[in-house]
Every structure is written in structure tokens, then in C-alpha cells.
Amino acid sequence: MERSEILKQFGNDDENLINILHALQNNNSQNYLEKDDLKAAANHLNITYSHIYGVVTYYTMFSLKPRGKNIIRICNSPVCDMEKSSDIITKIKKILSIGVGEISKDKRFSLELSECLGQCDIAPGMMINEDVYGNLHNADLASIFEKYK
Amino acid sequence: MNIKKLIKEASAEWSDLLNGPVPAFLVGNATCGRSAGAGDIIEKLKTEISSGEHKCRVLEVGCIGMCFLEPIVSVYRPGYPLIVYGKVEEKDVVKMIEAFLNKGEIITENIIGVVGPNEQINLPDLFSIPIMKPQKRLVLNNCGIIDPTNLNHYIANKGYTGLQEALQRSSQDVIERLKESGLRGRGGAGFPTWRKWQFCKDQDNDTKYLICNADEGDPGAFMNRSLLEGDPHSLIEGMVIAGYAIGASMGYIYCRAEYPLALERLRLAISQAEEKNLLGNDIMGSGINFKLKVKEGAGAFVCGEETALIASIEGERGMPRPRPPFPAISGLWKNPTIINNVESLVSVARILQNEPGWFSKYGTKESKGTKTFALVGKVKNTGLIEVPMGTTLREIIYDIGGGVDDGKQLKAVQTGGPSGGCVPASMIDIPVDYESLAEAGTIMGSGGLVVMDEDNCMVDVAKFFIDFAHKESCGECAPCRLGTKQMLAILEDIVAGKGTMEDLDLLEDLGKGIMKGSLCGLGQTAPNPVLTTLRYFGDEYIEHIQNKRCPAKVCRDLKYYEILEDKCTGCHICFKACPVAAISGNPKDLHKIDQELCIKCGMCLDKCPVKFSAIEVYPGNKVMED
Ligand SMILES: Cc1cc2nc3c(=O)[nH]c(=O)nc-3n(C[C@H](O)[C@H](O)[C@H](O)COP(=O)(O)O)c2cc1C
Ligand code: FES
């Protein structure tokens, strides 16, 4: 979608900023905010670029660098840790040959560690984009990743 | 539209579901159900039904709380109670349709319990089974029972009658009802809800705001998520009532972006409520206006703190602001603002839906009503529970939770996330209420209960929480930013076997200083997990420092692996598994681990065949000893 189309869905009040940034980032095929996104948002809300830059860098879900097409967020909090999330993280790194914060060679995935995802009832858990996966076992991972092109 | 007409329509639909001629399958499709494969079950049901001879409905419901038994499928068939099955697989679905719908035979395998009159079939009542019996579902009563995407289901179960009740009274009367109920904030601090509302109502200001805090970020907590996914209209009803009471005509729900399903359900519920004039202008002809907007977070834990949350909605970096002024006086865009937790607001709807005295008859003298908890960690029955305030931790862990996993020993219960602390096993007879938990050095918090067993190292747990606080500290005030960093550095030394006894005093002093000097609740409570573990598990710290031993065998530098002479058969599997070639030995000979080279990854232990079990972990450090 065009940037202007997205911005049209939102009013001009500052309170729309975070929702706008989410929408622009979700619209980007590399899951990040480009300079032009920030400029367009600044224009739309009539606030400064530097203000938006400050906001973007504050929140962990926004990225100013290109990321993979799909974002894997794996929980690194205590409940998942007790259920051996560290083994899962090791396995993911191996399957996709990437480290935390990196993009897979085919650009399909980025791997990020996250604090508690609120799915401790099904620990260890992870999210890929907006999909939730819990009670993870090493053996399940490859077929889960298959679903994301 | 007239509420009476809405109720009539809704009741007709609900009673058709319960007693009508068409059977219905209810599939738990909240986050826990989805992850256990509810999606496939729904698909299977739909294809089976479309190809079979029976007309039948498939509905999606929220989480009934027994996440460890997902996927959960319940069946309504005319003349029978609701029968609830757990751990259902696709093949069971075919059997259920075949036996129950076609032949009227009940499959008793995997039944958790039944809901409703059931003289003729004599199956356990769902709410009387051991997991459910100590629970009182005042807040979660609809979760897993109604279809959260169907407004009629909510209305047929007393939904929006609380709002109707409120609108017929003065706003001061509503606040009095809250006062009588004894409700205290469920977001952590436990401040009496009515008092906060009264401050805001008494402000002479045309514009006021109500905000629902759905930023739930405490590690180990997911109560609000389940509630939003399973019963979103309850929150909306509670918010309209609250808005009316304090005089706000605009409300915001600030929900973390990590909860996509909750966000989807909320947005749908808002549009449904607007359509039926339960939200918007001139609500139900009362002349009262109240609008709702949803705002997403973006992955900053501190935004759960009320002033940071306000900054975030305003489009700023979500950093806390000094209090006073309190938001009730000067909050969103400097207008009087009330911020309440999801569970607090749902409780408000329930309180108004029922007669005075209903809520306050549960709980203790100072802590009324019930509290939802996320029961997780090393406990058999993980899930979402709701108990009257004053229930003991023992009842929660053993009666509801079924005890510790794998027959291990209970060591501690962590409550209140990074702001709370660890209650040792010896103290689990304390009742869960605001005062008793505070006395034990922890807090009620928002409701995460993480059960820990003998395999958990309390120093490591404390280190995790300080690391969390340090990462999530917004950096605005020095005590929190630098203090948590320093505490983390000390704990890292201790778990690496480099700690000194003076470190323990330093941790305590630093902790107390950070609590006094920090700007917001994050820093003011961040040292709690360290201070409570020092208080109750001081010996474990000392073991780490003086004897270089981690008794729970968690801390890498303070444990070691050894091959047992009498068990090793020389199968050579560990030799191949070791990533650093620390294991020596020829096939069929005794193998040995070089302690200098070993990185304690545990691969050898994992790979050693169970029938040999020739590798043991011991607390201590061979290299440092020598
Ligand atoms: C760091 C921090 C995080 C918090 N996170 C939450 C949260 O996720 N949800 C919540 O309801 N309250 C949270 N609180 C408490 C809120 O500041 C506030 O007290 C609460 O939302 C008030 O609602 P209540 O009176 O209904 O409990 C947090 C506080 C701090 C200091
Ligand atoms: S600890 Fe991993 S989802 Fe909560």
C-alpha cells in the first residue's frame, strides 16, 4: 500500500503516532521503518522528525534497519527459561543459521529475543509475526518455519 | 435500542444454543487452545459436519483456565448438560460425532466435567472437580463458556445489565457501590478503586479521561490476555460504567502489541457495542456519551506504569513522570485521568451486574472479592485460575495446581513479577491478600504465580529479574538506571564464583537506596526479588560465595559433570557429542571429562543413553577447588 493511503486512515493528533508507526512498519516488506516513513509520519502529524526518531528508538518493536520478511520473537523470560527455551533458541539458530538480531540469508526470517510474551501457560513459547506457538519442541521447529515463505 | 429488547433477543439465541434442536461444539480457541491445535480441531469438525447427516454448530470460545488440558472441546446436545472434554485430538472428534450425535452414546474418555443439570448421566460437575472446587469464578465466569465474538452470548449472561443499573443511578451512587464492594486495584498496588474515582469525579474539569491498562508485561502473567480474548465485552461494560462515574466521555484501552488476538477481539467488541448503542453517543437513551479507542504498545515494559502509559498515548517516548500530580488530578493532556487494570474494570461490571454485598462476601476483611492468577512454572496444572482473596498459596499450588511437577520438592513461589518476590516453601500457608503478601516482603502484583522447585537456583532467579529491570529501565533516573546495573554486576560475580561476603551487604544497601531514590514504581520495586531471596535463601547465596557451589546445579561456573566409573560402558556417544573435545576415552573403555576444557553445556548428559545414565552433575567447581 502507498504510504499516503495508510496515513489517511489516521487522524492528525499526536495520539495516533504509535499506531501509525506500527501500520507503516507492517506495510514494509522488510519489516522496518525507512527514513521516508518517519518523514511522512512527521508531516502527517505536523511534528518534528527528531521527535519521531526519539519515539521509534525508544520502543523495542520498531526497527530502523531492514529485517527478515517474518519476525521470530522467542521468549527469554523465566517461565520459558525453566522449560528450556535456551535449547529452542540454540536449535533455531542452527536451523536458520542466524544469530539473535540477524536476518537469515534468504531474508525470510529475523530472530529476536523477547521478554515474556504472556503465553507462559504454554511455555516455551514464541511468536512468528502475529502467530503464537507454544509447548515448543525442537522437532517441531523446521515444519513451523516451512509455513513461512 | 431498548435493553429489554436486546436481552429478549439474546436470551432466545442463548437458550436455543442450550436447549435447541441443533447440537453445538464449543472449541477453546484462545491463545492456549490455538497453540495446542484448536485450529485443526475446528477444521476437522467443520468438514466432518458438512459431510455428515447431522446439522450441528461449531463455536469458538475463550480459555476456561485449564490450559494444560487444551485443546478443550465442549458439546451441547439437547437434553444433556454441557460436556467438557480435554486433550482432544482430531480422531476423537470423529468418534464424538459418530457416538454422541448419531447414536446418543456418551464417550466418557477425556471428560473433564459437565456444566448444568445432569441427574441422568451422573458425570462429575465441572465446578466440583479438584482443580475447580476452590475457585470462584466471578470475573472469569464467561471465559470458555460464551463465544467472545457474539454480543448476544454476553447479553444473555447478565451482560450490560450492570451498565443499565449504573445509568439509572447518580454517578455518586455508583461510586458508593464500588466503595461497598471493597474493590481494590488489580494492577498491582491495590489502591481502593472508589477512592481514586472519587478524586477524579471531584475535579472541576470538563474533560476527563478513562484509560484501561492492558499492557500486561510482568514475566509469568497472562490473566488480562485471557480475559480480553475470552470476554471482551465485560471490559467495555466496566469502562462505560467507570466513565460515567468519574465524568469521562472518552476512554482508551492501551494494550500491548504482543496480544494480536486480544486486540482483534477488542476491536470487534467495540464495533458491536457501538452498533447497539451500548457505546457512543446517548447510550441507551440516557444522554450519556462515552467513546472508546484502542492504542497499541510497542514493546516497552515501563509503559505499564501509569504516567509512562499516558506519555505513550500522547505520542511521546513512554517515560514516567513525577507524581504528584497524580493522574486523577492531572493526567492525559493534563486532564484528570483514571487508569485501571483490565481485571479491576471487569470486576466493576460484575459488581454492578449483581446485588450489593455480592462481591464483598468473598475475600478477607481488607481484600475483598476474588483475584485471577496465572499459575505457571513447575506445577502440574498450569493455567488461569480465580480464587477468593485469602486462599492460601498451599491450596493454590496443591489443590488447584495438583502439586509440583515430576514429584519434585517445592522451593518457592514467585509473585508480583519483577516488582515482587519469592515466598519460600515453608511459608505457603500464608493467605493471598494484599497485606499478607506485603508482610512476606513480596506483593500481590497483577497475578503471576511462578512455582519453583529444587532445580531452580534462587540467586539465578534474582539475577534474571534484576537483568529484566535493568533492560527495561527507561534510563530517566540514575538510581534505577545505574543501581540495577550495579546489582546485576554483583550478582553476575556471585554466580561466577567471584562473589565476596561483603557483596551481600552491598546488594542490600544498594537495593534499599534504589527503592528510595527511583522516580517510578519500576525502580522503587526492582530490588524486591533480590531482597526477598537474600532474606529467605541467604544460605544459597553463601554457598555460591564461600563454597563455590550452586546447590540447584544451575549456575554454569559452580557445577561440574562427571562420568560414573561403574556405569560407563564406553559407548563413545558422549565423546562424539562434546562440542569442545573435553571427553577422552576409546570405545569400550572408561571415558573421562577434562574439567579444564569442559564448558558445561550438558550435551554429554543429554546424549548419554538412559539405560546407562553414566553422567552426573554435581554442585561445585573442580577447577577452582584444585
Ligand atoms: C513498571 C510498572 C509496570 C506496570 N505494569 C502494569 C500493567 O501491565 N498492568 C497494570 O494494570 N498495571 C501496571 N502497573 C501499575 C500501574 O501503574 C497502575 O497502578 C495500575 O494500572 C492502576 O490500576 P488499578 O488501580 O486498577 O490496579 C505497572 C506499574 C509499574 C511501576
Ligand atoms: S515467560 Fe515466556 S511467555 Fe511468559
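**A buried charge, a surface patch and an overall view**

Asp503(B) is buried but forms no salt bridge, and the nearest side chain of opposite charge, Lys548(B), is 9.0 Å away. A salt bridge would need a side-chain nitrogen of Lys or Arg within 4 Å of a carboxyl oxygen of Asp or Glu. The model is predicted.

**Around Asp503(B)**
- Asp503(B) is part of helix α18 of chain B, which covers residues 501–517.
- Leaving aside residues up to four places away in sequence, Asp503(B) touches Ile490(B) and Ile494(B).

**A nonpolar patch on chain B**
- Four residues, Phe191(B), Phe199(B), Phe326(B) and Ile329(B), make up a nonpolar patch on the surface.
- Together they have about 370 Å² of accessible area.
- Phe191(B) sits in the loop between α7 (171–181) and α8 (193–201) of chain B.
- Because its relative accessible area is 37%, Phe191(B) counts as partly exposed.

**Chain A: fold and extent**
- Chain A contains seven helices and four strands.
- Along the sequence, their order in chain A is α-α-α-α-β-α-α-β-β-β-α.
- Along the principal axes, the C-alpha atoms of chain A fill a box of roughly 50 × 30 × 25 Å.
- Of the contacts in chain A between residues at least 6 apart in sequence, 59% link residues at least 24 apart.

**Chain A: surface and charge**
- Chain A has 149 residues, and 56% of them are buried.
- Chain A carries 17 positive and 20 negative side chains.
- The centres of these two sets are 9 Å apart.

Notes. Residues numbered from 1 in each chain as written. Chains lettered and ligands numbered in written order. Predicted model: local features only at pLDDT ≥ 70, side-chain atom pairs only at ≥ 80, totals over all residues. Heavy atoms only, no water. Helix = DSSP H or I, 4+ residues; strand = E, 2+ residues; numbered from the N terminus. Buried < 20%, exposed > 50% of the residue type's maximum accessible area, 1.4 Å probe, protein only. Lys, Arg positive; Asp, Glu negative; His and termini not counted. Contact = heavy atoms within 4.5 Å. Patch = residues over 30% accessible without salt bridge, like charges linked within 9 Å, V, L, I, M, F, W, Y side chains within 5 Å. Areas by Shrake-Rupley, 256 points an atom, 1.4 Å probe, with all protein chains shown as cover. Charge placed at Lys NZ, Arg CZ, Asp CG, Glu CD.
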